[in-house]
Amino acid sequence: MTIMYQAKDTRYETLPYRRCGKSGLMLPPISIGLWHNFGDVDVLENGKKMLHTAFDNGITHFDLANNYGPPPGSAETNFGRILKDSFLPYRDELIISTKAGYTMWPGPYGDWGSKKYLVSSLDQSLKRMGLDYVDIFYHHRPDPNTPLEESMAALDLIVRQGKALYVGLSNYSAEDTLKASKILKALGTACLIHQPRYSMFDRSVEDGLLDVLGEEGIGSIVFSPLAQGLLTNKYLKGIPEDSRAAKSTGFLQKDTVTEAVINKVKKLHEIAHNRNQSLAQMAVAWLLKDERVTSVLVGVSRVEQLLDNLDALDNLKFSDSELEQIETVLNS
Ligand SMILES: NC(=O)c1ccc[n+]([C@@H]2O[C@H](COP(=O)([O-])OP(=O)(O)OC[C@H]3O[C@@H](n4cnc5c(N)ncnc54)[C@H](OP(=O)(O)O)[C@@H]3O)[C@@H](O)[C@H]2O)c1
């Protein structure tokens, strides 16, 4: 007889939940993403353990997209299996998100940002996950050839149909985010959240996007906070066989792991060590110092990594001197 998963009673005792922009929704400071490690090429039991550990520790938010896998769609299908097995009794305690915007099926209706694509893609995602609705639905990337009004009208429609509670944008520039936010407000469905890439190694959001989010009252959940594993102790001594950079299905390219990058990583590792933190923990804490960052969206390939990342919350404060030392390394 299989024993049903039972979440730990202590799960809400430690995480300081943060308000998502000016909305009513609180999110955990650390959320878990299913881009890698939940496809058909991965071990389902490992994925299940990671999600159990996440929820047991108060991580209420799981982030997906139509194309996560590989193959595309398989992360949602596998998540649906885990959901059925473990999480259905806890559905009202979970924030589940998905997205559409990248290539998903052949022909002119399986990509980008038309109403046709966004609405049918979410219908497919709901089927794969076995859900009636998602909590957040994102337009995954801006579409230069579809009127912004159409993509935003699709998001508004989806909320009115009850297929998503909130909507968000991902990979939109500051300028397009402002335009989209105004359109959504006029339609009566505010943009809840933006999902940009942000880490010590990619700070483009500091050039205007975070300001727009602050002004518009939109929250943010930042992806690849560890630069896909570079901002950890993982690559200090070369490229381990079981790492994302070594895997043929991983998005981190081997040639990104250069000597110059690793030299910076070593120096950052030293600063983290002096703060009694792992580099991964310092990288997470460094992002959470900005109140406009609602949640840091990590990916993990094993339970230990998730627990390591969660311990970032033990030391979120930076002295001026530590921040200066980090700036010096990043600008070197
Ligand atoms: N909206 C978008 O366009 C978009 C794009 C990308 C990602 N995302 C979302 O963001 C989520 C996170 O992205 P990401 O996976 O690139 O994030 P990440 O947290 O920067 O990288 C995750 C990888 O870092 C390594 N890692 C994590 N914690 C570690 C630790 N404590 N010690 C050592 N290594 C550690 C693992 O690599 P190994 O596998 O090598 O162990 C893990 O797979 C995705 O799952 C997805 O939900 C969204």
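I began with serine 224, which I found in the loop between β9 (219-223) and α7 (259-274). The model is predicted. Serine 224 is not a glycine, yet I read a positive phi of about 50° there. Is serine 224 buried or exposed? I counted 22 C-beta neighbours inside 10 Å, so serine 224 is buried.

Glutamine 228 sits in the loop between β9 and α7 as well. Its phi is positive too, about 65°, and again the residue is not a glycine. I counted 24 C-beta neighbours inside 10 Å, so glutamine 228 also goes down as buried.

Next, the cis peptide bonds. I looked at the loop between β4 (61-63) and α2 (74-87), where proline 70 lies. The bond from glycine 69 to proline 70 is cis, with omega near -5°. The bond joining proline 70 and proline 71 is cis as well, with omega about -10°. Proline 71 belongs to the loop between β4 and α2.

Then leucine 131. I placed it in the loop between α3 and β6 (134-139). Leucine 131 has 20 C-beta neighbours inside 10 Å; the cut-off for buried is 20 or more, so it counts as buried. What does it touch, leaving out residues up to four places away in sequence? I noted Ile96 and Leu126. I also checked glycine 80: it is 51 residues from leucine 131 in sequence, but the C-alpha atoms are 7.9 Å apart.

On to helix packing. The axes of α3 (residues 115-129) and α4 come within 8 Å and cross at roughly 30°. Angles under 35 degrees count as roughly parallel, so I logged α3 as roughly parallel to α4. The crossing is right-handed. From α3, the contact uses Lys115, Leu118, Val119 and Leu122. From α4, I listed Glu150, Ser151, Ala153, Ala154, Leu157 and Ile158.

Last, α5 (residues 174-187). This helix has 14 residues and reaches 20 Å from its first C-alpha to its last, close to the 20 Å expected. Which residues of α5 are buried? I found Thr177, Ala180, Ser181, Ile183 and Leu184. They cover an arc of only 165° around the axis, so they lie on the same side of α5. Glu175 and Ala186, on the other side, are exposed. The cover over the buried residues includes α4 (148-160), β7 (164-170), β8 (191-195) and α6 (209-216). Just after α5, I noted glycine 188 with a positive phi of about 100°.

Methods
Residues are numbered from 1 along each chain as its sequence is written. This is a predicted model: local features need pLDDT of at least 70, side-chain atom pairs count only at pLDDT 80 or more; totals for chains, interfaces and linings use all residues. Helices (H or I, at least four residues) and strands (E, at least two) are DSSP runs, numbered from the N terminus. The expected span of a helix is 1.5 Å times one less than its number of residues. A residue is buried if 20 or more other C-beta atoms lie within 10 Å of its own, exposed if 12 or fewer, and partly exposed in between; C-beta atoms are placed from the backbone. The arc is that of the directions from the helix axis to the C-beta atoms. Two residues are in contact if their C-beta atoms, placed from the backbone, lie within 7 Å. Axes are lines fitted to C-alpha atoms, for helices over the stretch in contact, and angles run from 0 to 180 degrees between N-to-C directions. Angles under 35 degrees count as roughly parallel, over 145 as roughly antiparallel, 65 to 115 as roughly perpendicular and the rest as oblique. A crossing is left-handed if the near helix is turned anticlockwise from the far one by less than a right angle, and right-handed if clockwise.
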